[in-house]
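This report describes selected features of one protein model. The sequence and structure come first.

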Amino acid sequence: MASLVQELQVPHINIQVTIDHVTPVMPAAPIPVSSGDSLYLSNLDDMIGARVFTPTVYFYRCNCSSSKEKRVGEILRDALVNVLVPYYPFSGRLREIKNGKLEVFFGPNQGALMVEAHTDIAITDLGELEVPNPCWSPLIYIFPNEYNYKMIDMPLVIAQVTTFRCGGFSLGLRICHCLCDGQGAMQFISAWAATAKTGTLSTSPNPCWDREFFLPRNPPMVKFRHAEFMKIDETSSLTSSLWQAKPLQKCYRISEEFQTRLKERAQPQNHDQPCTSFDAMAAHLWRSWVKALDVKPMDYELRLTFSVNARQKLKDPVLQHGFYGNVVCLACATSTVSEVIEGKISSTAARVRKARQSVTEEYVRSTIDFMEVDRPTRLEFAGKLTITQWTRLSIYECADFGWGNPVYAGPIDLTPTPQVCVILPEGEGAASPRRSILVCICLSESAALRFKECLLEICD
């Protein structure tokens, strides 16, 4: 069984980067807004959890220094200039209006930001590019004296191209989550990549803004409990044991065979409502995490939250093709500590399935209305694990800028949010077809040992 779950090492390396150019990037042609104009952001765009820049990095091993007349940075900047015409909201800025709500506004001297940099090491010096690594942080541009979670008056796309001694390069991206969810970001990056590859503006599908599609009802009608947003007193040992222990980023490769066995174990006895692979894996990760952290007291109510793509849920009316805004809703499963660690995996998977299926069109509208009447101003961590699934995003396929797919594409550092678990697809360097998944989570060293032991336990 141990061969089916493999812990992957996160190598420590010191990357010294020299910044060569920092250049604002403006749209190449007139856009349908003027200085002083603003754009509405929906309550799904403006959730407290979306008020972040999502940092990702893409590595390309090719020797691009001899393959093109232009520098990589020039090619990507020229393509971004063109893509910012149809995707013009990314050239604006965020500002806060009444009741703490955000909107996109346009003024002089804005635009996206392109940074060109170089390092004297080779990509091979980074080791196997398999898992997220906090040591890659210098490949993402941070403004001098930038404070954590700064959103107001920031470029909404920040791209850093770092060339390596070997001729390969990385593309470090920070994209404002308020403007797009994961699928929307893939749509934007795909258009940018296709434009860079062909030298001609290429957008398929054509981007659609239309955030008014998600206007709150008048009057708002909150029809669900929305436990995902509830303020709960932390009376358990969970958050203190995590945040005070200086958690380490741990990554595990989960084989296809293990996923299949787990899914079989997690099925309900009557098979009336079978669970999905995600239901089974989320339930197992939740239980392993709670066991590893030895959460007390046993009657404390826990929350497992995860995003559900609601695009296919919207029927009346249907969401326009090419919409790239946030269309994800937080699903929330609840259970006591004792139920999670002592109950059958099929029972926990059933709770996950019920939470996932509860995200209906009405639930989406209720979430929007909830945000309108009781907008959360901070993230709630009490008793909560959040699982983020990237396996259905085309993070590799969408990012061929002309040098093939990246050998790694994904996040960098999870340690600032230790109550988040990320499920990633295997990288391009893995044996094809890529059917294993990567599970990345933050734990103390002692809890990580217990977590791996718990992962291997799939028998009730």
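The sections below cover the basis of the model, its nonpolar cores, a sheet and a pair of helices.

## Basis

This is a predicted model, in which local features need pLDDT of at least 70 and side-chain atom pairs count only at pLDDT 80 or more, while totals for chains, interfaces and linings use all residues. Residues are numbered from 1 along each chain as its sequence is written, and side-chain values use heavy atoms, with hydrogens and water left out.

## Nonpolar cores

A nonpolar core is a set of buried Ala, Val, Leu, Ile, Met, Phe, Trp, Tyr and Cys residues joined through side-chain atoms within 4.5 Å; buried means under 20% relative accessible area, exposed over 50% and partly exposed in between, with a 1.4 Å probe and protein chains only. The largest such core has 85 residues, and Phe-59, Phe-90, Trp-192 and Phe-401 have the most contacts inside it. Helix H2 (residues 182-198) gives the most to this core, with eight residues. Apart from it lies another core, of 68 residues, including Phe-306, Val-340, Tyr-363 and Ile-441.

Contact means heavy atoms within 4.5 Å. Leaving aside residues up to four places away in sequence, Trp-192 touches Leu-76, Ala-79, Leu-80, Val-83, Met-114, Ala-159, Leu-171, Leu-173 and Phe-401.

## Three-stranded sheet

Helices (H or I, at least four residues) and strands (E, at least two) are DSSP runs numbered from the N terminus, and two strands pair if DSSP finds at least two bridges between them. An open sheet of three strands has the order S3-S6-S5, with antiparallel pairing. S3 and S5 are the edge strands, each pairing on one side only. The twist averages 40 degrees from one strand to the next.

Strand S3 (residues 38-40) pairs with S6 over three bridges, and strand S5 (residues 93-96) pairs with S6 over four. Phe-105 in S6 is the bridge partner of Ser-38 and also of Arg-93. Both faces of S6 (residues 102-105) are covered: Leu-102 and Val-104 are buried on one side, Glu-103 and Phe-105 on the other. Five residues separate the strands in the hairpin of S5 and S6, where Asn-99 takes a positive phi near 60 degrees.

## Helices H5 and H9

Helix H5 (residues 277-293) packs against helix H9 (residues 445-455) at an angle of about 140 degrees, with their axes 8 Å apart. That makes H5 oblique to H9; angles under 35 degrees count as roughly parallel, over 145 as roughly antiparallel, 65 to 115 as roughly perpendicular and the rest as oblique. Axes are lines fitted to C-alpha atoms, for helices over the stretch in contact, and angles run from 0 to 180 degrees between N-to-C directions.

In H5, the residues that meet H9 include His-284, Ser-288 and Trp-289; on the H9 side, Ala-447, Arg-450 and Phe-451 are among them.
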